[in-house]
Amino acid sequence: MQKEYTITVYTEDRIGITNRITVIFTRRRINITSLTTAPTEIEGVYKFIITVLAERPLLDKVVGQIERLVEIHRAFVHDEDEVVYQELALYKISTKALKNGSIEKLIRENAARILTITDEYFVLEKTGHQEELIALQAKLAPYGLIEYSKSGRVAIVKWSRRFHDHLKNLSQQETDDLAEVDYTHGQPGSHQAESI
């Protein structure tokens, strides 16, 4: 049975890696509903957060294919209860709506906040799960909703501590290896001595 899953992929920062990951989903005819990527707390490691609607056995195969890419550290499939996640939405609304006090009550009840106000419009920000953000969009429509924009999912995995420790150790090892290579190559005359 199809359901929504979150996939996290830890990767090196390489040009073209986004395309190489997404094409694996395309070949399996899996639609990506959101994709977010950003640096992690570990230098040189990026995290992709991908949400999809699919069946678990198929996703397990996809993750196996992703992990075979050279630039990938690890990839995981998560059920909804294995991650803490949020999305962010911005709503542009006609300033005329502020003349009606009822919208201020709606803003408070939905834990939204005003980011900016101009003569023509104001912008609201709300974080939450997709259902909450879409529900607020519907509630704001009668007030003169001009534009709506939503981010992809941002997620933290509940059990990832041990893996993050592993990544930090890996990153430190790579740094040490590079330093050793630089030191060896930096010795004056070392290459000339070897070639004589």
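**Exercise 1.** Over the face of which ring does lysine 92 lie, and at what distance from the ring centre?

*Solution.* The structure is a predicted model, and the ring to look for is that of tyrosine 121, since lysine 92 lies over its face at 4.7 Å from the ring centre. A further case can then be located at arginine 153, which lies over the face of tyrosine 85, at 3.6 Å from the ring centre.

**Exercise 2.** Find how many aromatic pairs the whole structure holds, and classify the pair formed by tyrosine 10 and phenylalanine 76.

*Solution.* A search of the whole structure gives two aromatic pairs. In the pair of tyrosine 10 and phenylalanine 76, the centres are 6.4 Å apart and the planes stand at 80 degrees; because an angle over 60 degrees counts as edge-to-face, this pair is edge-to-face.

**Exercise 3.** Describe the pair of tyrosine 91 and tyrosine 148, and decide whether tyrosine 148 is buried or partly exposed.

*Solution.* Here the centre-to-centre distance is 5.3 Å and the angle between the planes is 35 degrees, which makes the pair of tyrosine 91 and tyrosine 148 tilted. Tyrosine 91 sits in strand β5 (residues 83-94) and tyrosine 148 in strand β8 (residues 145-150), 57 residues apart. Tyrosine 91 is buried because its relative accessible area is 0%, whereas tyrosine 148 counts as partly exposed because its relative accessibility is 25%.

Key:
Residues numbered from 1 in each chain as written. Predicted model: local features only at pLDDT ≥ 70, side-chain atom pairs only at ≥ 80, totals over all residues. Heavy atoms only, no water. Phe/Tyr/Trp six-rings, centres within 6.5 Å; stacked < 30°, edge-to-face > 60°. Helix = DSSP H or I, 4+ residues; strand = E, 2+ residues; numbered from the N terminus. Buried < 20%, exposed > 50% of the residue type's maximum accessible area, 1.4 Å probe, protein only. Lys NZ or Arg CZ within 6 Å of the ring centre and 35° of its normal.
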